[in-house]
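Subject: The structure you asked about

Hi,

Here is the structure, with my notes below it.

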Amino acid sequence: MKKFRPTIPISEWKIATHLEATGSIQNQSGLPAYACSCKWCSLWKSSFKNILPSWFASELKRILVDIPNPADLYRFETNGKYSSIRIVYFIVGKIQSGPNAWSEGDSGNTLMYRTIQEKPYISLAVYSATHYYGDVPILNDNKAGELICLDMRLMVNNEFQHTHLTNA
Ligand SMILES: [Zn+2]
């Protein structure tokens, strides 16, 4: 194990992280959320500090995740009161331990998210990017490790959106 691959906890997962490679693939042009100025990306950029619990933000920063600039971010569900937003980051290394993010069922494999915070609700699944359906960053150093997906779901109510969007 090289010294630039420290094993770092991300919630319940432990990941041998290649820090240099992880830093190098953040905010990569061509990815869906790159330089996006939609309502949801703007909300995230202006208020992730008010949304993420500080311990979790510290874990992400420690592995050089560029928090305001995810690889993908979009609203996938709304019920009029709440909006559910998916936020995806990529890091480089190897997952050493943690809950299996996939559950095999009759209707195929389902992602199993783990709760990070109750209010606003945030959950996380960590898994190899080979199971990710979408655009992934280009990793030039293919000896650095594999691409790992940090796949987050955030639920914000309309009141929260209103407050943070008008303050943005
Ligand atoms: Zn956007």
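Before the notes, one term: a cavity here is a set of grid points where a 1.4 Å probe fits but cannot get out, and its volume is the space filled by probe spheres set on those points. Please also keep in mind that this is a predicted model.

**The cavity**

With that in hand, how many cavities of 30 Å³ or more does the structure hold? It holds one. The volume of the largest cavity comes to about 60 Å³. If you want to find the spot on screen, pick out the residues that line the largest cavity: Ile-25, Gln-26, Asn-27, Gln-28, Leu-31, Asn-69, Pro-70, Ala-71, Tyr-89, Phe-90 and Pro-137. Sorted by class, that lining has seven nonpolar and four polar residues, and no charged ones.

Asn-27 sits in the loop between helix 1 (19-24) and helix 2 (39-51). Its phi is near 50°, which is a positive value in a residue other than glycine. Asn-27 is also partly exposed, at 32% relative accessibility.

Tyr-89 belongs to strand 4. It counts as buried because its relative accessibility is 1%, and the cut-off for buried is under 20%.

**The zinc site**

Which residues coordinate the zinc ion? They are Cys-36, Cys-38 and Cys-41, each through its SG atom, at 2.2 to 2.3 Å. Along the chain, the donors of the zinc ion are spaced as C-x1-C-x2-C. Water is not among the atoms, so sites may look incomplete; I'd keep that in mind when looking at this one.

Cys-36 is partly exposed at 25% relative accessible area, and Cys-38 is partly exposed at 29%. Cys-41, with a relative accessible area of 1%, is buried.

While on the subject of cysteines, I also have the disulfide count: a search of the whole structure turns up zero.

**Salt bridges**

A search of the whole structure finds two salt bridges. One of them pairs Glu-12 with Arg-114, where the closest N and O atoms are 2.7 Å apart. Glu-12 is in the loop between strand 1 (7-10) and strand 2 (13-17), and Arg-114 is in strand 7 (residues 114-117), so this pair ties together parts that are 102 residues apart in sequence. Glu-12 is partly exposed, with a relative accessible area of 37%, and Arg-114 is partly exposed too, at 32%.

The side chains of Asp-151 and Arg-86 also meet in a salt bridge, at 2.6 Å from N to O. This pair links distant parts of the chain: Asp-151 is in strand 9 (residues 146-157) and Arg-86 in strand 4 (residues 82-97), 65 residues apart. Are these two residues buried or exposed? Both Asp-151 and Arg-86 are buried.

**Backbone points**

A bit of background for this part: most residues other than glycine have a negative phi, and most peptide bonds are trans. Here is what to look at with that in mind.

Ser-11 has a phi near 55°, a positive value in a residue other than glycine. You will find Ser-11 in the loop between strand 1 and strand 2, and its relative accessible area of 21% makes it partly exposed. Glu-12, from the salt bridge with Arg-114, lies in that loop as well, between strand 1 (7-10) and strand 2 (13-17).

Where is the cis peptide bond? It joins Lys-119 and Pro-120, with omega at about -10°. Pro-120 is in the loop between strand 7 and strand 8 (121-128).

**One more distance**

Gly-108 is in strand 6 (residues 108-111) and is partly exposed, with a relative accessible area of 26%. The C-alpha atoms of Gly-108 and Thr-163 are separated by 39 Å, and the two residues are 55 apart along the chain.

Cheers

Definitions and conventions. Residues numbered from 1 in each chain as written. Predicted model: local features only at pLDDT ≥ 70, side-chain atom pairs only at ≥ 80, totals over all residues. Heavy atoms only, no water. Donors = N, O, S within 2.8 Å, 3.2 Å for Na, K, Ca; no water. Buried < 20%, exposed > 50% of the residue type's maximum accessible area, 1.4 Å probe, protein only. 1 Å grid on protein atoms, 1.4 Å probe; cavity = no way out; pocket = protein on both sides within 12 Å on 5 of 7 lines; lining within 4 Å. Nonpolar A, V, L, I, M, F, W, Y, C, P; charged D, E, K, R; others polar. Disulfide = S-S within 2.5 Å. Salt bridge = Lys/Arg side-chain N within 4 Å of Asp/Glu carboxyl O. Helix = DSSP H or I, 4+ residues; strand = E, 2+ residues; numbered from the N terminus.
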